[in-house]
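This briefing concerns charged side chains and the overall build of a protein model. Please consult the sequence and the structure shown below while reading.

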There are 2 protein chains.
Amino acid sequence: MKKQYLLAPGPTPVPPRVLQAMSMPIIHHRAPAYREVFEEVREGLKYLFQTQQEVLLFAASGTGAMEGAVANLFSPGDKVITVNGGKFGERWGQIANTYGLKVLTIDVPWGQAVEPRQIADLLAANSDIRGVFIQASETSTGVMHPVREIAELVRDREDTIFVVDAVTGTGVFALPMDEWGLDVVVTGSQKALMLPPGLAFAALSEKAWRFNETSTLPRYYFDFAKERKNAIKGQNAYTPAVSLVVGLREVLAMIRAEGLENVFARHERLATATRAGVQAIGLALFAPESPSNAVTAVCAPEGIDGQDVVKTLRTAYGVTIAGGQDQAKGKIFRLAHLGYVDDLDVITGLGALEMALMDLGYDLKERSAVRAAQMILKQK
Amino acid sequence: MKKQYLLAPGPTPVPPRVLQAMSMPIIHHRAPAYREVFEEVREGLKYLFQTQQEVLLFAASGTGAMEGAVANLFSPGDKVITVNGGKFGERWGQIANTYGLKVLTIDVPWGQAVEPRQIADLLAANSDIRGVFIQASETSTGVMHPVREIAELVRDREDTIFVVDAVTGTGVFALPMDEWGLDVVVTGSQKALMLPPGLAFAALSEKAWRFNETSTLPRYYFDFAKERKNAIKGQNAYTPAVSLVVGLREVLAMIRAEGLENVFARHERLATATRAGVQAIGLALFAPESPSNAVTAVCAPEGIDGQDVVKTLRTAYGVTIAGGQDQAKGKIFRLAHLGYVDDLDVITGLGALEMALMDLGYDLKERSAVRAAQMILKQK
């Protein structure tokens with residue numbers, strides 16, 4: 001017998017009541033029973049995104065909605081800014097290049113956030129920037145980028161929109177779309193939304209919808225205007241992932257019951273405890289200055305490969321976390337604390353981490369990650 | 001209490017063991033546990049598609065794979081043939097137009113199949129045709145198109161590929177990809193694959209992969225080459241719809257256990273019985289000459305609106321079937337018999353239909369759809 005624990009930054013654990021809802025017999029997506037589910041989901045998503053706009057829903061992973069944000073809003077040759085400070089920032093650049101946009105890249109060392117000033121300078125030097133792309137939370141490095149500050153820079157520019165990949169941001173920390181003036185917010189189901197992967201979401205501001213009217217890039221499956229037209233009528237343009245939408249209704253009800261502010265506070269508490277824990281045993285944070293509350297990237301101690309930490313946790317303790325990707329491979333490991341997670345998941349993760357590190361010959365001395373985390377968690 | 005019966009041409013009922021498998025705790029898509037599932041799925045899909053080629057898998061509905069087939073294989077200005085004889089044939093044309101292809105459309109009256117001669121004539125008159133697009137089964141009209149005959153016409157043309165939407169064909173009737181020389185076959189999860197919607201599939205011949213090398217259209221999420229490169233290494237390019245893939249393993253095991261030939265024979269039997277049943281009570285088939293074994297489109301009797309048949313079945317008997325779409329709306333209704341369906345599902349459907357028709361004032365006289373179907377079903 002080996003129990004399994006999922007503490008990776010997506011997919012995240014799915015609550016039993018959601019698994020149960022999704023295992024009910026399938027309903028037809030044009031029948032009234034689905035329409036009822038979908039109406040509830042539409043309302044719940046507006047609450048989650050903190051917007052009055054329609055939140056569009058696609059059968060896809062988050063990358064699909066990212067591609068949609070490019071293909072629906074821009075035209076070949078449009079000049080845009082992307083921030084390459086991790087795997088997902090790099091992805092914005094790849095998608096924009098694929099569609100023939102002119103990409104100005106701000107390279108940021110992995111583990112650091114972009115400085116708003118860097119964006120401001122580029123915007124000042126280029127009056128024709130059509131879009132600024134960012135990750136609210138760069139999952140590959142555990143960095144939170146300064147979304148609110150960048151939004152301020154773009155807000156009053158009529159011909160520039162601000163596009164936010166919030167895949168590990170939505171439902172983790174505050175990203176009030178309407179209040180902050182975020183023009184596009186995209187996310188996925190398998191992170192703080194506590195669902196299996198397979199749903200992607202996108203919401204657009206009025207300004208972004210105006211961009212949509214003049215965009216000439218090809219799109220069909222991820223046609224935002226077509227999807228909105230259908231959503232308003234209570235249906236989807238193409239066959240939706242019915243069982244995941246049924247699960248989504250449960251999840252949104254759970255989030256509403258807990259309250260968005262409490263959801264954010266919980267993630268803040270778990271992240272703070274995790275960071276305190278790993279630092280207490282002498283490990284360094286990979287993103288100490290602007291850490292995301294979704295996932296904590298930890299530098300592997302000297303002489304120990306980060307991939308071995310991941311492997312030992314999985315094989316010896318049944319705990320799945322994430323390693324580093326690309327240039328960070330081997331150098332870091334990532335402990336996630338988003339979605340269906342609570343205080344004792346942090347204790348589980350840190351307890352297992354301590355044991356794995358001991359297996360790998362790391363000297364804990366008298367230090368305890370668990371104790372440091374407990375002291376934070378008990379403050380609530 | 002009102003029991004619910006799903007007899008629509010997608011989504012179709014999901015077998016209990018599949019629902020159960022999908023309700024297990026989620027696994028991480030980069031962990032060995034997923035890799036094991038995915039390896040089994042890759043083999044099973046090759047068996048299902050009757051191909052040695054890799055069958056690619058996307059978190060999307062079938063339309064996503066259709067779009068991928070255009071965006072990965074063609075270039076702006078490429079001349080292609082589509083057959084507009086229903087809603088999905090029309091969709092091939094829409095997607096091709098979206099991507100700037102030059103579309104030659106063969107208009108076929110709804111309810112009829114295209115004649116291979118029509119394709120042959122267009123091919124003869126245009127040496128530069130790059131692609132021929134068809135539906136194996138046009139779900140909106142219940143028509144089966146002559147896939148094998150069209151494949152023969154395209155097979156020896158080095159610069160033309162044959163693209164088959166098999167969304168309601170795969171797993172319903174024989175479409176041996178390699179043997180017939182089909183260049184692209186796409187399908188979805190929520191039809192004969194007995195899964196919830198949310199997975200799309202595409203397989204390409206060697207000829208089609210050569211087209212991929214020269215295609216200049218933009219694609220990112222549905223990047224076939226990238227997906228194949230990853231699949232060969234036992235993983236997916238982007239986060240897959242894990243729970244659906246876990247369900248897919250069960251479904252493919254069920255199909256293997258039944259045997260593909262037996263699966264086809266079952267669909268043939270159920271379709272034959274359904275057609276005999278509705279004709280026995282004086283109703284006309286909408287596609288009498290080339291009916292698909294996936295779904296039977298039935299002409300509403302004079303004086304009765306097809307939508308009322310659908311509505312009565314749902315509200316009075318808990319049976320969900322499909323109505324007509326677009327130009328066929330009100331004129332037909334569609335009884336599906338694909339996926340997780342067996343003899344008594346046909347009896348259930350026809351029995352409920354008889355009752356609904358009586359409610360709507362249709363005179364059954366001494367005729368019985370159920371009896372006519374029973375006589376066919378008992379022959380097995």
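Is A:Glu258 buried, partly exposed or exposed? A:Glu258 is partly exposed, with a relative accessible area of 29%; buried means under 20% relative accessible area, exposed over 50%, and partly exposed in between (1.4 Å probe, protein chains only). The model is predicted, so local features need pLDDT of at least 70 and side-chain atom pairs count only at pLDDT 80 or more, while totals for chains, interfaces and linings use all residues. Residues are numbered from 1 along each chain as its sequence is written, chains are lettered from A and ligands numbered from 1 in the order in which they are written, and side-chain values use heavy atoms, with hydrogens and water left out.

**Overall build of chain A**

- Chain A contains 14 helices and 14 strands, taken as DSSP runs numbered from the N terminus (helices: H or I, at least four residues; strands: E, at least two).
- Its radius of gyration is 21 Å, which agrees with the value near 21 Å for a compact globule of 380 residues; the radius is taken over C-alpha atoms, and the globule rule is 2.2 Å times the number of residues to the power 0.38.
- The C-alpha trace of chain A spans about 65 × 55 × 35 Å along its principal axes.
- Of the 380 residues in chain A, 65% are buried.

**Salt bridges in chain A**

- Over all chains, the whole structure holds 32 salt bridges, each a side-chain nitrogen of Lys or Arg within 4 Å of a carboxyl oxygen of Asp or Glu.
- A:Glu258 pairs with A:Arg266, their closest N and O atoms being 2.8 Å apart; A:Arg266 is buried, at a relative accessible area of 10%.
- A:Asp342 and A:Arg269 form a salt bridge with an N to O distance of 3.6 Å.
- Because A:Asp342 lies in the loop between strand S14 (332–336) and helix H13 (343–359), and A:Arg269 in helix H11 (residues 260–280), this pair ties together parts of chain A that are 73 residues apart in sequence.

**Charged residues in chain B**

- B:Lys207 and B:Asp183 form a salt bridge (3.9 Å, N to O), and both residues are buried.
- B:Arg275, in helix H11 (residues 260–280) of chain B, is buried yet has no salt bridge.
- The nearest side chain of opposite charge to B:Arg275 is B:Glu268, 4.7 Å away; Lys and Arg count as positive and Asp and Glu as negative, with His and the chain ends not counted.
- Neighbours within four places in sequence aside, B:Arg275 is in contact (heavy atoms within 4.5 Å) with residues including B:Leu285, B:Pro291 and B:Thr296.
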